[in-house]
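Hello,

Here is the structure I promised to pass on. Have a look at it first, and then read my notes below.

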Amino acid sequence: MAFSGQDPILAKRRFFHAPLSAAAYQLCMAFFSWLNQQGGKPDLQIVEFTNLTATETIFLAGTGTLRAVVLIKSTTTAAWAKFADHNTTYTDNDTEILKVKQSLATTDLMFYPKGKALATGLVGVSHTTGAGTTTSAGTDGATGVVLLSAA
Amino acid sequence: MAFSGSDPVLAKQRFFNFARIAPGIYPLAVAFFSYLTQNGLARPQAENTLQVVEFTYGTNTAQVICGATARLLALVLAKPTATAGFTKISDHATDYSGSAITVMLKQAAVQTDVLFYPKGLLHSTGITLESHTACDGTTTSAAGDGAAGVALIAAAAAV
């Protein structure tokens with residue numbers, strides 16, 4: 001879907017419904033505080049996702065701005081969460097904007113305070129290697145939340 | 001070099017010498033060190049647990065963040081130009097290895113972005129950094145196009 005923002009206070013409430021770790025909670029509190037005080041208080045969109053695999057999860061179909069990615073990993077099997085600036089398809093080429101390895105049951109976070117412009121959209125997948133495309137099994141792929149704002 | 005920890009208070013000071021230049025990063029770094037202080041890795045009695053490694057503008061000449069096993073806790077990337085650059089981190093002691101890539105981040109604007117691993121991402125061999133002009137290539141980012149930044153690392157056993 002195209003970007004569909006909501007009031008940042010409502011977005012914050014929804015964002016914090018995610019099962020955040022103690023560290024993630026503190027970081028996200030600081031990030032929302034910064035967004036509201038210095039980051040222009042943009043309207044935001046929250047998109048939750050569950051267990052990424054090699055089948056694309058579409059977070060955004062259209063232009064937008066990526067603000068944060070929270071990756072909640074529940075197993076210790078290594079998985080690479082990969083994100084591409086595309087509205088339907090992940091490809092390992094210059095549309096790929098972020099690749100993060102996780103190998104612990106942990107929550108890891110990527111923040112773009114000024115936003116990462118998305119020209120086409122945002123899709124995510126999870127693979128068993130950084131350079132390959134074999135799907136992460138079952139619950140090995142990360143669950144999480146992405147935070148978006150308008151282009 | 002292998003992991004060489006310093007007092008966490010000194011590590012924090014050194015980390016903020018870099019992080020302070022980006023207003024969006026500063027409050028996140030404050031929150032992260034607060035977490036580390038409350039949850040073990042940076043308690044005053046936990047000496048020499050953290051190491052701060054600054055790096056300059058990335059190219060396709062590998063910069064060694066750590067030459068042996070270590071955990072990556074935080075990575076701040078300050079992009080100085082709007083030319084797209086792909087910063088890549090790999091699990092290697094001396095060089096960049098595409099098959100051992102652990103983190104890749106595209107930046108195409110003048111901005112500073114940050115990645116946090118609160119429990120650390122274990123690199124079993126080492127941590128190296130390069131910057132390329134493409135995600136799937138190895139052409140070097142031109143001088144000044146690759147991100148400069150700072151990495152916060154911990155010993156491999158410190159989770």
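**Where the two chains meet**

Strand β5 (residues 96-102) of chain A and β5(B) are joined by 3 bridges, and the two strands run antiparallel. Please keep in mind as you read that this is a predicted model.

In β5(B), Leu105(B) is the residue opposite Leu98(A). Val103(B), also in β5(B), stands opposite Val100(A).

Which order do the 8 strands of the open sheet take? They run β2(A)-β7(A)-β4(A)-β5(A)-β5(B)-β4(B)-β7(B)-β2(B), with antiparallel pairing. At the edges you will find β2 (57-61) of chain A and β2 (63-66) of chain B, each of which pairs on one side only. On average, neighbouring strands of this sheet are turned by 20 degrees against each other, direction ignored.

There is also the contact between the chains as a whole. It involves 33 residues of chain B and 35 residues of chain A. On the side of chain B that touches chain A, at least two residues each come from α2 (26-39), β5 (101-107) and β6 (111-123) of chain B. The largest share of that side is supplied by β6(B), with 10 residues. Sorted by class, the side of chain B that touches chain A consists of 22 nonpolar, 7 polar and 4 charged residues.

Happy browsing, and do write back with any questions.

Best wishes

Key
Residues numbered from 1 in each chain as written. Chains lettered and ligands numbered in written order. Predicted model: local features only at pLDDT ≥ 70, side-chain atom pairs only at ≥ 80, totals over all residues. Contact = placed C-beta atoms within 7 Å. Helix = DSSP H or I, 4+ residues; strand = E, 2+ residues; numbered from the N terminus. Nonpolar A, V, L, I, M, F, W, Y, C, P; charged D, E, K, R; others polar. Pairing = 2+ DSSP bridges. Axes fitted to C-alpha atoms, helices over the stretch in contact; angles between N-to-C directions.
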